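Here is a short report on a protein model. Look through the sequence and the structure first, then read on.

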Amino acid sequence: MAFSEHRLIFKNIDAPGYTRDIACYQKHGGYEILKKGLAMGGPAIREEVKKSQLRGRGGAGFPTGTKWSFIDPAKTTKPIYLICNADESEPGTFKDRQIIYKDPHQLIEGMILSCFANGVKLAYLYIRCEFTEGWKILEKALAEAKAAGFLGKNILQSGYDLEIHVHRGAGAYICGEETGLIESLEGKRAYPRIKPPYFPAVLGLYMCPTIVNNVETLCNVKHIVEMGGDAYAKIGRPNNTGTRLLCVSGDVVKPGYYEFPCGAITLGQLIFNVCGGIRNGRRLKAVIPGGSSAKVLRAGEVYKIKEKDSQGNLVDREVKLEDLRMDFDSLAAAGSMAGSGGVIVMDDTRDMVECLANISTFYAHESCGQCTPCREGVLWLKKILSRVAEGHGRDEDPALLKDVADRIAGRTICAFGEAAAWPVQSFLGKFKEEFQLRIRRNGAAAKRDTISLTH
Amino acid sequence: MSVPLHAGTESCVGAEKGEITPVLEKQADELVSRYPISKRSAVLPLLHLWQETFGYIGPRGVEWIARKLSLQEIQVLELVTFYPWFRQQPYGKFHFRVCRTLPCALGGSGKTFAALQKLMNLKADGHEGAMISEDGRFSLEYSECLASCGTAPVVLRNDEFYEKVDEKRATELVAGCQ
Amino acid sequence: MSNCISIPMNPWNHDVAKDEKDLVDVQIDGVWLQMPRGLNVVEAAHRAKKFIPHYCYHPKLSVVGNCRMCLFEMGTPKMGPDRKPILGADGKPEIAWMPRPQIGCATGITPGMGIRTDSPLVKDCRNGVMEFLLINHPLDCTICDQAGECKLQEFSVEYGTGESRFVENKVKKPKNVDLGERIVLDDERCILCSRCVRFSSEVTKDNVLGFVNRGSYSTLTAYPGKRFDNDYSLNTVDICPVGALTSKDFRFQMRVWFLKESKSICTSCGTGCNVTIGSREGKVHRLTPRENEAVNSAWMCDYGRLNFHYLEDKERLQNPLTKAAGEHFPAPWGDALNRAAEGLRKVQPSEIAVVASARMTNEELFVLKRWMDELGVTLVDTVNRPEQGDQFLRSADGNPNTRGAELLGLSHGGRKLSTWGGEIAAGRMKALLVLGGEDVVAAGIPAACLAQLEILIASAILPNATTRVAHVILPGAGFAEKSGSMVNVHGRLQRFSRSIAPPGQAREEWMILRDLREIVTGGNSLHSIEDIWKSMATVIPVFAGLSWGKIGDQGVDLTHSLPAEATAK
């Protein structure tokens with residue numbers, strides 16, 4: 001294949017004969033990096049992570065080294081907690097599932113290293129309960145690691161103690177939001193906290209400094225310790241370092257998960273080369289590049305992106321959708337985001353009203369209900385969209401939808417508000433004529449695509 | 001989607017039947033021990049344990065957990081009704097969750113759901129939430145994203161996970177319910 | 001006087017800055033002001049006479065920031081390359097405004113901060129929140145008790161658009177939920193601000209309330225079978241910004257805009273919670289707590305709050321009564337007082353005893369004291385009223401003015417009173433005045449014993465076993481019907497003002513005592529509460545320098561000037 005993957009995290013995943021037990025993991029060099037890390041010491045690991053310019057893989061892309069630097073284990077008197085966010089719930093995303101099910105020890109090793117680096121003695125692995133086997137796999141793997149002396153008291157005679165427990169969620173998307181997750185872990189409704197003052201680094205789990213990192217992020221830490229931050233930073237592109245796990249779903253020939261250096265391939269290459277193009281000989285209509293919260297991109301769009309030329313000067317470059325690099329900065333420049341790496345592809349038979357109605361149903365179902373704009377606004381969006389999809393649209397509905405979405409985004413406690421509003425804003429903005437057409441035809445066009453499922 | 005249950009109404013079908021065994025108590029205590037800072041953190045684990053043992057979470061479960069963790073019952077009920085995984089009435093012996101979210105929908109989960117509904121002879125009763133067959137053998141509901149979008153549509157049958165469940169595969173899954 | 005009450009400590013007092021003297025420059029709506037560092041923006045704006053609307057924020061509860069009504073535009077000083085603020089032409093920092101609005105309740109004042117409370121963005125935020133809050137609201141103001149003091153109504157007029165664009169079906173929720181002994185809940189009106197839930201978890205700490213379900217279906221409730229009926233439950237009705245929680249006692253009784261409000265204190269125990277009396281046309285309709293951090297913060301107990309219905313009791317004494325041929329007959333005030341004076345003249349001052357009441361005001365007690373001193377009466381005591389009390393606002397002293405009675409030397413803790421039955425039986429005590437509605441029969445002197453007295457004069461507002469055998473009954477006024485001051489168990493002097501007139505011929509007791517004094521001793525120098533204060537301030541050392549006016553609405557702490565024996569309790 002012209003676009004061969006660069007498998008770092010997924011190196012052993014799906015490799016013939018590779019199993020998830022500790023013996024196999026160790027046979028492939030597992031827990032050797034832990035030994036290296038323990039010898040390096042916590043501050044050195046943190047330094048390497050900072051040098052690596054690793055950005056969080058959960059969705060927001062926040063630099064991990066910076067996140068860690070908000071806590072100084074040498075200075076804080078409170079216990080520090082680390083939570084692995086394995087609540088993978090962003091529609092379109094299924095990368096963490098692969099790691100948990102097929103290479104759990106990689107995650108655990110990365111997690112132990114991260115805990116050690118930050119002086120954490122007690123950590124939790126918050127996993128969504130719909131991974132009905134995943135949590136058992138992790139519990140077994142943790143038990144294996146403990147039996148082998150990689151967890152528990154005095155890990156590998158280093159004097160360092162660490163306990164990790166699996167904590168199962170119960171089907172709430174909002175637990176992916178780190179402060180919602182913390183509330184959930186405290187045994188409460190997963191209401192995200194207001195920030196300020198409840199920044200996890202200061203007032204996190206049990207009001208103590210807390211680091212919440214995504215599964216993929218923690219796995220990366222292992223590789224950073226292995227190869228060093230500078231070497232890691234050479235993978236990918238500046239400010240978009242390392243590899244990226246990309247999950248492609250929807251109307252492509254070969255949906256699935258892939259790993260490439262950040263920005264090494266374009267959206268077009270991913271869809272048309274890696275994933276074999278659009279199913280059934282159809283044409284691309286739209287793509288959501290970073291999980292369902294990300295703003296939709298429309299086929300044929302051209303974006304003005306500022307880039308450095310060979311002399312290092314910022315220049316405007318016109319970039320077609322197909323030529324967008326799959327990295328944080330390029331997708332952000334195109335008005336969307338790399339998010340959690342979930343790429344959802346829609347072909348030219350898809351009705352954008354139906355697609356958006358489906359997405360809004362998800363957010364209406366998942367709104368925690370804590371703050372007003374999200375609680376009331378998101379269900380309202382869903383109700384309008386369902387009505388329009390059912391053939392009872394009104395001329396004023398598109399403008400109303402946009403207005404409601406505009407009054408949610410940026411005004412809520414957590415980023416869920418944006419997550420729910422962005423799809424509406426972008427679908428309406430980019431496929432306005434489809435909404436108008438739908439409304440004009442209304443009852444006459446009641447033959448619905450079955451994908452809406454706005455039950 | 002979880003049924004909007006209203007506390008104080010007939011939201012529960014009655015107390016869960018079955019014995020609270022010493023084994024269950026021990027399992028619960030082990031779960032609580034994982035949260036040395038605050039045993040309130042053990043609410044979700046204990047709710048899972050209870051539901052897996054008794055099939056659903058009724059007043060008996062809520063009150064047992066509240067007592068165990070020194071909480072008020074409302075603090076447990078708040079969670080039972082917040083997290084869609086928990087249910088306040090028994091489901092069928094074979095409970096199917098079909099992913100409804102966009103990638104699965106694009107993959108045809110609507111057809112899968114319709115096929116399952118027909119095979120199980122379930123009628124929508126106008127209420128949101130799971131449909132349960134009269135004989136208690138099957139129940140069916142939509143679920144939000146199950147995080148396997150590349151193999152859409154996906155289905156959970158009890159704790160078993162199935163990928164690429166088209167109408168044909170759905171038939172097999174129902175036939176395989178023994 | 002046993003006293004196990006501690007002054008209520010709120011977990012939070014967001015309306016007070018950590019250090020009120022640590023002032024920094026802030027710009028509010030274009031004007032540079034000084035505000036204490038760290039004070040939240042809602043409070044800072046309030047101090048600058050700029051109102052930032054809010055629902056969930058309450059200064060005495062934790063900040064959750066869920067209503068989003070207090071969104072404001074925030075700016076921080078622009079920093080130069082030297083990391084110092086860039087100063088504008090006015091010498092003040094130039095402000096860089098953030099595109100994203102912030103919540104005022106959770107944002108503390110920092111130096112050079114910019115605050116916009118009325119920009120187009122802020123207006124749009126409020127307008128949006130108002131629209132969202134109303135889409136699923138039943139809009140049933142016409143039958144809602146909150147109408148007139150509803151923040152949804154008020155802010156809707158102020159910040160809303162007046163029309164709804166919502167054409168979908170509303171979310172249905174339970175209505176008319178019997179939440180507890182005294183409270184009814186309408187979940188469709190609830191805006192999920194969580195004030196009541198936080199009150200239940202942070203103030204009363206019984207965690208009775210919670211939310212079930214999720215998203216727009218979230219519903220306030222108590223656990224099935226559990227009642228929300230602790231002794232402080234009605235405070236949630238006060239802090240509920242909408243008509244979701246209503247008081248069974250008050251609902252459907254009176255539109256709030258008809259209520260006349262007067263500042264008063266609760267006299268149901270020794271705490272003396274500050275209250276507002278809501279009355280109309282001579283009838284008290286409700287008591288609500290009035291904020292006073294030194295006494296009750298923003299709260300009061302349900303018992304005290306509802307303990308006013310006796311004012312309109314059918315049995316209320318409305319006329320002076322004198323006894324003739326074993327029966328009580330109405331008499332004009334002059335006749336009744338003359339009958340009393342006549343009876344008193346027939347006996348020696350040493351044969352007269354007075355049961356004062358620790359429910360009487362300082363003013364009443366002082367007039368009584370004056371009269372006793374002039375006449376040479378020395379036998380006096382009060383009736384103790386020990387109560388269970390709680391660790392919050394309910395005092396173990398059921399009398400509201402024990403400290404005042406002690407200060408005026410009229411209380412001996414009931415120790416003297418306990419011997420008077422014997423004195424009467426022995427014929428040494430021939431006249432007894434029982435004031436303030438006290439019942440000496442209940443306090444241990446048998447009615448048969450009282451029958452031996454030559455004259456028994458009782459002032460009361462309701463008949464009791466003592467008034468039944470009294471020769472003269474003088475109808476007094478309830479706490480809402482009179483003005484006066486009391487000293488609470490913590491030594492705080494507080495005043496209250498008459499809200500409604502007493503029924504019929506009933507009168508404020510200080511006036512009764514003044515007139516009785518005038519007839520008996522000729523003393524006539526105390527014609528008003530202010531007069532009494534002028535006198536009291538010169539005679540009672542701890543009142544030195546005080547006047548009726550100086551007590552003010554929040555009272556005066558006397559603990560530093562109270563005699564040692566009084567503060568040692």
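## A hairpin in chain C

In this predicted model, strands β15(C) and β16(C) form a hairpin, with 2 residues between them. Ala325(C) sits in the turn and has a positive phi of about 50 degrees. Lys323(C) stands opposite His328(C), which belongs to β16(C).

## Chain C as a whole

Now step back from the hairpin. How many helices and strands does chain C have? The secondary structure comes to 16 helices and 24 strands. Chain C has 569 residues, and 52% of them are buried. Its C-alpha trace spans about 95 × 55 × 35 Å along the principal axes. Consider next the contacts in chain C with a separation of 6 or more: 68% of them come from residues 24 or more positions apart.

## Where chains A and B touch

Turn to the other two chains. Chain A brings 45 residues to the contact, and chain B brings 39 residues. On the side of chain A that touches chain B, the elements giving two or more residues are β3 (163-168), α8 (178-185), β7 (243-250), β8 (256-261), β13 (342-347) and α14 (352-366). Which element gives the most to this side? The answer is α14(A), with 6 residues. By type, the residues on this side of chain A divide into 19 nonpolar, 17 polar and 9 charged.

Terms used:
Residues numbered from 1 in each chain as written. Chains lettered and ligands numbered in written order. Predicted model: local features only at pLDDT ≥ 70, side-chain atom pairs only at ≥ 80, totals over all residues. Helix = DSSP H or I, 4+ residues; strand = E, 2+ residues; numbered from the N terminus. Buried ≥ 20, exposed ≤ 12 C-beta atoms within 10 Å, placed from the backbone. Contact = placed C-beta atoms within 7 Å. Nonpolar A, V, L, I, M, F, W, Y, C, P; charged D, E, K, R; others polar. Pairing = 2+ DSSP bridges.
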